[in-house]
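Subject: Structure handover

Hello,

Please find the structure below, followed by notes on what was found in it.

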Amino acid sequence: MSQEDPAMADHRTLANAGVTGYSRYVPVWRLTHASARRAWGTAGARGTRAVAGHDEDPTSMAVEAARRCVRHSAPPEVLYFATATPVYLEKSSATTVHAALGLPSSTAALDCSGATRSGMAALRAAWSEAVAGRRALAVAADVRSGAPGSRDEWAGGDVAAAVEFGGEEILARVLATGSSSLEVLDRWRAPQARHGRSWDERASEQLYVDAAMEAIDIALGAAGLSLGDIAWIGVAGLHQRARSAVTRRLCEAGARAIDDREHELGTPGCAQPAHLVGRGLDGAEAGERLLIVSLADGADTMILEATPDLDRWRRRDRPESPPALEVSYERFLVWRGELQLDAARRPDPDAPAPSPAARNREWKFALTGSRCEDCGTVHLPPGRVCVRCSAVDRMTSHSVRDREGVVVTFQLDYLNASQNPPSMPVVVDFEGGGRLLCELTDADPAAVRIGDRVRMSFRRMSVSPEGVQNYFWKARPVGAAKESWEEGTHA
Amino acid sequence: MRDRVAIISMACTPFGDHWDKSAADLLVDAATETFAAVGLSPQDVDAYWLGTKGSGDTGKLLSQALRLADKPVTRVENVCATGSDAFRNACLAVASGEVDIAMAIGVEKLKDSGYSGLTRSNPPNDATGISMTAPAAFGMLAPAYAQRYGLDLASLRQVLTRLAWKNYANGAANPRAQYQTVPSPEAIEHSPRVTDLLRIHDCSGVADGAAAAIVVRAEDAARYVRDPLYVKALSFVVGNGEGLVRDHTEFSSIPEVVRSAQQAYDAAGVGEPRRDLALAEVHDCFTPTELVLMEDLGFSRRGEGWRDVLAGDFDRDGALPVNPDGGLKSFGHPIGASGLRMLYECWLQLRSQAPPERQIDLQGRTMGLTQNLGGPPGDCVSFVAIVGTQLSENQT
């Protein structure tokens with residue numbers, strides 16, 4: 001099964017491709033394991049898990065992760081979006097991410113969907129694109145669920161992570177990859193099923209350990225390294241026993257395990273490999289090597305080596321994020337569709353009609369309005385006639401996606417239908433001009449005040465009875481923890 | 001427009017839960033009473049304007065309800081100012097000379113929907129607008145007002161409670177109003193929460209109802225009634241959306257109201273509204289709206305409206321009675337009818353035809369104002385009418 005020769009060839013000729021950016025996004029919401037334990041009397045683990053808000057899904061979370069590393073001066077030419085929990089089949093979600101990022105139409109937006117292994121597939125594919133000379137972004141996100149009271153329910157974590165690969169200003173070189181494919185039925189989910197099923201982990205533990213060691217050996221061999229040359233290891237996967245065994249074995253050889261905050265965030269599924277890359281690079285010194293292992297229907301590995309440029313990336317300016325909030329177990333169940341709220345005696349929210357949504361995609365997805373060339377007035381949404389000076393068709397594009405805003409006024413709306421009442425309509429004035437009536441999210445209702453600073457976040461507004469995901473932007477408070485922006489929340 | 005058109009008859013059904021009546025039934029009730037009061041038949045009216053937000057799509061709702069023979073009926077819709085705009089168009093037709101006798105009639109049948117509050121249905125769109133209720137949309141005025149004038153939230157609450165209490169008290173004296181009881185200030189403040197600031201008692205009710213007016217040229221009015229009501233001004237500002245587009249636009253005021261009021265005062269020759277008007281019927285859809293309207297209509301100085309409310313200046317026996325009939329608070333808001341219901345109170349009060357127990361002391365004042373708002377702050381239309389019992393001295 002040796003693949004050493006082709007891999008070596010890759011390494012020799014293509015070592016100048018590597019990680020050129022990375023970022024992560026963690027929803028603000030935390031579910032304590034204690035709250036699930038209170039409900040069911042089960043003996044779950046201690047800690048918390050990250051929970052996608054009622055207005056988040058893998059696609060919206062992927063946007064939030066990716067926008068934290070995309071540079072519009074040098075946008076990716078290829079985008080891979082990986083998720084094991086896609087909101088659509090047949091229709092792409094990568095194109096939604098692409099549209100929300102405001103990427104050029106020439107950027108290929110491609111999906112790696114369905115299998116948990118897709119998370120590592122996206123990293124490998126993006127790296128391969130970089131090797132071929134194209135800037136490529138891999139972003140992965142899952143919303144992890146389980147039947148109420150199950151281990152999956154509290155062990156999962158909703159996280160998104162992005163890694164960009166390219167050939168310039170490399171933060172970490174990719175030295176080698178290695179794989180071992182294994183047809184095994186340890187975990188599966190039928191397309192129409194809400195929750196995955198798994199088999200006794202002990203039946204497949206050794207198969208996974210063997211696959212991991214094979215994939216690691218291939219990568220090490222291709223890079224001309226031994227285990228002792230590895231400073232950091234990160235093992236991803238939903239197979240807990242195999243992860244523990246592989247991690248233990250690698251740590252015995254002297255490597256340190258990357259801390260991916262699993263006790264706080266949970267196990268992120270598809271996003272875990274990219275999340276480990278980011279967490280690992282956050283702690284790595286120049287010259288240190290990282291070994292990322294993903295266990296899912298076999299094993300995939302990637303070896304990276306940090307460069308001196310890494311420090312520059314870590315010190316870059318990053319906006320602030322709101323503090324973490326605890327979600328009650330009851331609301332968590334509603335958000336996951338396990339409980340149905342009483343239907344409000346209000347009409348269903350509007351679903352996007354296909355042609356208006358396509359016509360207005362710059363606005364709907366990239367939050368791009370217009371700015372009057374004559375008087376500078378910003379219009380959100382874009383318009384053809386200036387509200388101030390009446391100039392007609394004198395508009396240029398103006399996006400407030402990445403601009404800070406201030407709350408002008410607000411209400412907490414207890415009557416509106418919401419899965420997270422009260423809904424919080426706010427009027428926001430943006431730096432650089434423009435005003436928008438929008439929803440506030442990720443905020444403690446009791447803490448909202450006029451003058452609060454906010455930034456915009458891509459959200460799922462609603463889902464129509466036909467299954468149409470309605471995406472648009474909401475405001476979220478700007479918190480105090482500057483250093484943890486890329487995490488999305490305070491640590 | 002001043003003094004060119006006169007109202008010669010009006011009627012208004014009781015507003016409330018008309019479970020046993022359709023929109024057509026309510027139209028028949030309002031129209032029949034309006035005709036009877038002045039001795040006209042449906043065939044005497046040359047043209048009709050029907051205001052309804054959603055109880056019918058075309059003029060056929062009226063022509064078929066009344067079985068009109070070969071008459072034009074125009075259906076008018078302009079959000080919550082629908083009834084006022086129907087009235088305005090009827091007046092314009094008469095003023096043009098093309099129509100001798102016109103009827104404006106408005107109706108809304110809201111209780112059949114089963115929804116809480118008012119709702120709207122939008123044409124196919126990109127679904128980037130947010131879902132919010134009307135109390136939240138109008139409630140946004142309150143924190144902006146409090147912030148602007150340094151009012152703490154407890155004092156603001158007191159002002160809102162006073163406004164609700166006043167309108168409940170006025171409505172309880174008016175058998176046409178939906179609500180006939182006056183909750184205590186404590187009951188108002190402890191009623192179910194709708195937004196962080198607003199309680200259910202801060203909101204206008206949801207009601208069914210209809211109201212109608214017949215208008216003729218001013219010089220013809222004497223043929224029908226001794227004491228017509230002359231139309232002094234009709235102004236209608238359909239907002240361009242500026243308040244939700246331009247940053248730094250003040251949110252403690254509704255600019256469309258300010259401009260429509262100024263246009264109307266100029267047209268009617270109202271110098272000081274608080275001195276010159278005998279009463280005002282304003283769009284108190286939610287208590288913060290009425291507070292802001294007191295300043296936007298020039299009844300109070302900027303930042304002083306809340307003090308004037310607490311001082312009772314706008315009570316039925318105050319300096320300028322506002323919503324002496326009970327307002328939207330006590331009547332509810334059958335959208336197509338509300339603007340005409342406001343005019344109906346002017347019709348009664350200015351001609352001293354209100355029941356003695358609630359007839360206001362006109363103190364020689366002859367003019368009244370109606371202000372009808374449609375859509376929330378920043379996304380609204382504002383109508384202002386001034387009507388009066390006397391022709392101006394300098395009329396040509």
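**Helix H10 of chain A**

The buried residues of H10(A) are Gln272(A), Pro273(A), Ala274(A), His275(A), Leu276(A), Val277(A), Gly278(A), Arg279(A), Gly280(A) and Leu281(A). Buried means under 20% relative accessible area, exposed over 50%, and partly exposed in between (1.4 Å probe, protein chains only). With 10 of its 12 residues buried, H10(A) is largely enclosed by the rest of the structure. The helix covers residues 272-283 of chain A and should span 16 Å at 1.5 Å a residue; its end C-alpha atoms are 17 Å apart, which agrees. The expected span is 1.5 Å times one less than the number of residues. Helices (H or I, at least four residues) and strands (E, at least two) are DSSP runs, numbered from the N terminus.

This is a predicted model: local features need pLDDT of at least 70, side-chain atom pairs count only at pLDDT 80 or more, and totals for chains, interfaces and linings use all residues. Residues are numbered from 1 along each chain as its sequence is written, chains are lettered from A and ligands numbered from 1 in the order in which they are written, and side-chain values use heavy atoms, leaving out hydrogens and water.

**Chain B**

After H13(B) comes Ser352(B), with a positive phi near 55°.

H1(B), residues 23-38, should span 22 Å, and its end C-alpha atoms are 23 Å apart, which agrees. Its buried residues are Ala23(B), Leu26(B), Leu27(B), Ala30(B), Ala31(B), Thr34(B), Phe35(B) and Val38(B). Seen down the axis of H1(B), they fall within an arc of 155°, so they line one face of the helix; the arc is that of the directions from the helix axis to the C-beta atoms. An α-helix has 3.6 residues a turn, so residues three or four places apart point the same way. The buried residues of H1(B) pack against strands E1 (5-12), E2 (47-51), E4 (101-108) and E5 (209-217) and helix H2 (60-66) of chain B. Contact means heavy atoms within 4.5 Å. Gly39(B), whose phi is positive, near 70°, follows H1(B).

Asn167(B) lies in helix H6 (residues 153-172) of chain B. At 2% relative accessibility, Asn167(B) counts as buried. Leaving aside residues up to four places away in sequence, Asn167(B) touches Asp284(B), Glu290(B), Val322(B), Asn323(B), Gly326(B), Lys329(B) and Ser330(B).

Regards
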